[in-house]
Amino acid sequence: MKITGAKVFVGGPGKNYVTLKIMTDAGVCGLGDATLNNRETLPAAYLQDYLVPNLIGMDPRRSEDIWQYFYRGAYFRRGPIAMAAFGAIDMALWDIKGKLAGMPLYDLFGGKSRDGALVYAHATGADLPDLMDSVARYVEQGYKAVRVQCGIPGMPTASYAVPEEAGGDGDYITDFSGIRPKTEIWDTDRYMRFMPGALAEIRARFGPELKILHDVHHRLSPREAAAFAKAVEPVGLYWLEDPTPAEDQDALRLIRQHSTTPIAIGEVFNSIWECNKLIENELIDFIRLAVTYGGGITHVKRIVDLAALHHVRTGFHGAPSHSPISMAAQAHLNAWAPNFGIQEYLVLGTPACDALFPSAHEMRDGMFYVSDAPGLGVDFDEGEAAQYSYKPGSHPIVRLEDGTMWNY
């Protein structure tokens, strides 16, 4: 059995999804997602110009060897561009493997550990009352876990993932007006004074059963993160996400020494080598690595196994930049993983998205239910894809009030 060809598509409804389709001489095709948010053309070019020509003629069933071929065969390893491209290939090969076996991927991993996977939604508000309304809407829809982000009084601009005006709706992260990013202004002192009390008010209103998550998005120093994590302990957060940049894995020790608030980190990681010490030293409670950026199912499954040895649960990244293909790959891992925690979920089920990526996967009452279709259980309509093309966009950048560049 041989790979006979592969196609790369860039575009989608409101997003620049990078979709890989691998074809075989057995007539079985596999799908993968290489979307790297706001850098989408880079993994697409890497696939088209370098990786796909090497794939032709390979046996798609040898997914482990193919992963090692591209990873070990490259002198310059890892990084988000390469790992997203490897991830797309790996997903597609697992998809083919499942279709050949006539089995959903979770059965190839060892079978289900659960029937449905807990997900969390994103509640945002320009101010605290606006955020309360957003949380209430998700609770009414049946969500059992909600990430909360709130505008900070006195902050010169909207902070991370927050609308500029109360009642606003839409994507507050990616700006498709052009490639030059907008600027957000950050003030740590205002944040530290306001947010612990705001989280306490959310807990008081919605009670102890709602799982409340909060994302700092790398904005605090290790000392500030330790102080914040200690201050919010009474809230009983399900997790505190990215409290400080984790390039220095030992920096997380300071948080552990001062607080028992659960810590979730890893959505920007690309390999096991960026999180192995965090996991082995039990400095985090949830690993956020995504299947796309983490080099696909083969590599991420190894991270899940390592995490299981050290009481670390999964909490895969699930921002809108991940297409239904990568979300399906994560859904199969979620169904299998004995150390599953929670799955980030932003609504993908628009009519346009469903038309491009048909599937029988289902989200209801705050739980994601993976289909039992062979492989990933997601199709791709090339006819629908023809109406989309790449549209430049950008994330904001962050500066302090004096103009100093800060962490996004």
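Student: Let's start with two helices: is the crossing of H6 and H7 right-handed or left-handed?
Tutor: H6 and H7 cross in a right-handed way. Keep in mind that this is a predicted model.

Student: OK, and which residues make up those helices, and at what angle do they cross?
Tutor: Helix H6 covers residues 188-206 and helix H7 covers residues 222-231. Their axes come within 10 Å and cross at roughly 20°. Angles under 35 degrees count as roughly parallel, so that is how H6 and H7 lie to each other.

Student: Switching to strands. What's the order in the sheet with E6?
Tutor: The order is E6-E15-E16, an open sheet of three strands with mixed pairing. Strand E6 (183-186) and strand E16 (405-406) are the edge strands, and each pairs on one side only.

Student: How many bridges join E6 to E15?
Tutor: Four bridges, and the two strands run parallel. E15 is residues 397-400. If you want a spot to look at, Glu-184 stands opposite Val-398 in E15.

Student: New topic, then: how many aromatic pairs are there?
Tutor: The count comes to 20 aromatic pairs. One of them is Trp-239 with Phe-286, an edge-to-face pair with 5.0 Å centre to centre and 65° between the planes. That pair links distant parts of the chain: Trp-239 is in strand E8 (residues 239-241) and Phe-286 is in strand E10 (residues 286-287), 47 residues apart.

Student: Is Trp-239 buried or exposed?
Tutor: Trp-239 is buried, and Phe-286 is buried too.

Student: What about Tyr-345 and Phe-368, why is that pair called tilted?
Tutor: Their ring centres are 6.1 Å apart and the planes sit at 55°, so the pair is tilted. Tyr-345 is in the loop between strand E12 (343-344) and helix H12 (351-356), while Phe-368 is in strand E14 (residues 367-369), 23 residues apart.

Student: And why does Tyr-345 count as buried?
Tutor: Its relative accessibility is 11%, and buried means under 20%. Phe-368 counts as buried as well, at 14% relative accessibility.

Student: Which residues do ring pairs link into a cluster?
Tutor: Tyr-46, Tyr-50, Tyr-69, Phe-70 and Phe-86 are linked that way.

Student: Last one: where does the charged end of Arg-219 sit?
Tutor: Over the ring of Trp-186, 5.1 Å from its centre.

Methods: Residues numbered from 1 in each chain as written. Predicted model: local features only at pLDDT ≥ 70, side-chain atom pairs only at ≥ 80, totals over all residues. Heavy atoms only, no water. Pairing = 2+ DSSP bridges. Phe/Tyr/Trp six-rings, centres within 6.5 Å; stacked < 30°, edge-to-face > 60°. Buried < 20%, exposed > 50% of the residue type's maximum accessible area, 1.4 Å probe, protein only. Lys NZ or Arg CZ within 6 Å of the ring centre and 35° of its normal. Axes fitted to C-alpha atoms, helices over the stretch in contact; angles between N-to-C directions. Parallel < 35°, antiparallel > 145°, perpendicular 65-115°, else oblique. Left-handed = near helix turned anticlockwise from the far one by under 90°.
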